[in-house]
Amino acid sequence: MSSLISLQNIKRHYEVGDEIVRALDGVDLTINHNEYISIMGPSGSGKSTLMNMIGCLDTPSSGKYEFEGELVHDMDDNQLASIRNRKIGFVFQTFNLLPKATALHNVEVPLIYSNIPKNQRIDKASKSLTEVGLHDRMYHRPNELSGGQRQRVAIARALVNDPSIILADEPTGNLDSKSGAEIMNILDSLYSRGNTIILVTHEEYIANHAHRIINIFDGKIKDDKIVKKK
Amino acid sequence: MFGLSRTKNGIMESFRMTIDAIRQNKLRSILTLLGISIGVFSVIGVMTAIRTLESSVESGLNVFGTNTFVIQKWPGIRVGNHGDEKYRNRKNIDYPQYEEFKRRARMPIMVSVSEGTSARNVKYRDKTVKRSIELIGGDEGTIRTYNTYIADGRNVTTDDVHSVRNVCLLGMDVVDRLFPFEDPIGKTIQIRGLDYNVIGITERKGEAFGGSQDNYIAIPITNFLQHFKNRWTTLSISVEAPSAEEYDKTMDEAIGLLRAIRKVPPGKENDFEIESNAEMIERFSGFTSGIKLFALSISVIALLVAGIGIMNIMLVSVTDRIKEIGIRKAIGATRTDILTQFLTEAIFLSEFGGIVGVILGIAGGNIVAVIFKVPAVIPFDWALYGLIVCSIIGIGFGIYPAWRASNLDPIESLRYE
Ligand SMILES: Nc1ncnc2c1ncn2[C@@H]1O[C@H](COP(=O)(O)OP(=O)(O)OP(=O)(O)O)[C@@H](O)[C@H]1O
Ligand SMILES: [Mg+2]
């Protein structure tokens, strides 16, 4: 089985004044379909940078990135946008919902950018919201939802286009432990239904949901181990 | 089709967001929309007013003959006797021709007739006017073509014409001489020994080109033809078109009709002359084009200022929504999507202002119409231009903010607080 993602010697450098910040400094990583990965590491070690790289929000300063056989490092803006739209589902620590839109509309937006007609959009979006247990909150706006519910809307949005991979950067970071546990339940069940998930976290017990844990330090992968059999 | 549904979705999104943007920045939005509205208002308002005035001036000019032309045997202005032969050999325009013309003409709102001669020694009791007075045969429309009104008494009626009555209207010069201290209405005067009952007097017109315009007596044309006709008598027919727009059509109809009545063979030139005053309209439009230019320059300035306002509001809107732009990009919006979104928003914004301006402009123009007591004319073409210009302003001043939005880096935008 061919790999889903392959990073080869990926570097991402920022020039800040005279200094060069090596946010990623030669990362090699292969991810297969239906993996459940936790990325851990101290603050500033490059976890988010790596997630953005994998999520095609960022492009490497050097190195090779293949996503389902396509060369991401060669892509232009429109191709990157299209990959993000069709293949990647983002879940952020701060939810990042459109504040004035209803839950339903928030989940609908990715479908707008992939040209899906209105009635199908509504269908898919409400199905996705039902999956995360929010069928009775479709017309609520983010400020009318709890943190955990907001994050579930974000997960529904990430799922709605049937992405190849779900990227969650500290998804429980802004949540109390109970809501956090709910979110982890949803991610676990998505994994068990065949989705591929990458998760950034500082918490050991969250990381332990995954079957593979990657540790990052100073922009380099320090260790990468399978902790559980599927 | 693919692109179309995407555009449609995008436009719906933009429309929602425009409403949001306006709501969030109420004051700034209102000021900007006001600018656009003023710009559009000044164009539409002035255009409505001009159209309205134009139509009223034209209807006013009708009295002066703008929409009126005269058909006669002889040309109005002749230089020397050159070519007289041609005119002299024409048939006279006689009363049966006129009657048939009047009956069959469909376009004109008024057809009237006149012919004149001069009369000396017009008498009232012991008073006599020695010098010659213009004696006009006419019908109910004739005084209008003479550019005057009934001051007292009544006009000649169709009844007077049909019954060949011995009645007359007096110009003020005649009134001055024959009735210095008396009311002339109902009195009987003698013209060439015939009795005429005075039924009305006309308003004083004063002098023109060095001669009095009030030295005349008007009697029914039928009566004129009965008593004062000679072998040179030929009628002038005045025809009034319903409007300047229909002037040419009316004239075409009149020419065709009279050719038929006078049995002019096809291919032969008309055996009558048409005298018109079309140049008057041209002179007036020269005057209004000055006002139009002025209104246009006010609008350009107002719209320019408003455009800068739109740019400002859009730039603020982009800054306010950096995070949102980041989110949209993260979930798959392309640069074009973002550009379209903000551009549509700018267009919507300026169109809102534009529509308000059009409405206010038309209302303002109508107020002018009410003040001048003339029917209002709505310049739909200018309303359309106004809205098109609004779109252009939306695009012109929205493109830079939209471009800025579309070029934001998704990661930095997402991190923006
Ligand atoms: N736009 C940028 N310009 C310059 N330096 C940057 C930029 N973005 C990130 N960095 C640097 O890159 C390094 C990695 O940042 P990153 O956000 O990936 O860390 P992280 O592992 O996600 O940290 P945290 O756990 O605090 O979220 C940091 O040192 C950061 O300062
Ligand atoms: Mg981070």
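Modeller: The side chains of Asp224(A) and Arg212(A) form a salt bridge, with 2.8 Å from N to O; the term stands for a side-chain nitrogen of Lys or Arg within 4 Å of a carboxyl oxygen of Asp or Glu. Asp224(A) belongs to strand β10 (residues 220-226) of chain A and Arg212(A) to strand β9 (residues 212-217) of chain A, so the pair ties together parts that are 12 residues apart in sequence. Strands here are DSSP runs of E with at least two residues, and helices are runs of H or I with at least four, both numbered from the N terminus. Arg212(A) is buried, at a relative accessible area of 8%, whereas Asp224(A) is partly exposed at 36%; buried means under 20% relative accessible area, exposed over 50%, and partly exposed in between, with a 1.4 Å probe and protein chains only.

The structure is a predicted model, in which local features need pLDDT of at least 70 and side-chain atom pairs count only at pLDDT 80 or more, while totals for chains, interfaces and linings use all residues. Residues are numbered from 1 along each chain as its sequence is written, chains are lettered from A and ligands numbered from 1 in the order in which they are written, and side-chain values use heavy atoms, with hydrogens and water left out.

Also in chain A, Lys225(A) pairs with Asp223(A) in a salt bridge whose closest N and O atoms are 4.0 Å apart. Lys225(A) is partly exposed, with 41% relative accessible area, and Asp223(A) is partly exposed as well, with 30%.

In chain B, a salt bridge joins the side chains of Asp160(B) and Arg154(B) at 2.8 Å, N to O. Asp160(B) is buried, with a relative accessible area of 0%, whereas Arg154(B) is partly exposed at 35%. Both residues take part in a network of salt bridges that links Arg154(B), Asp159(B), Asp160(B) and Arg165(B).

Between chain B and chain A the count is one salt bridge, namely Arg335(B) with Asp77(A), whose closest N and O atoms lie 2.4 Å apart. On the side of chain B that touches chain A, at least two residues each come from α1 (2-24), α11 (322-330), α12 (335-371) and α14 (410-415) of chain B, and α1(B) gives the largest share, eight residues. Over all chains, the rule counts 28 salt bridges.
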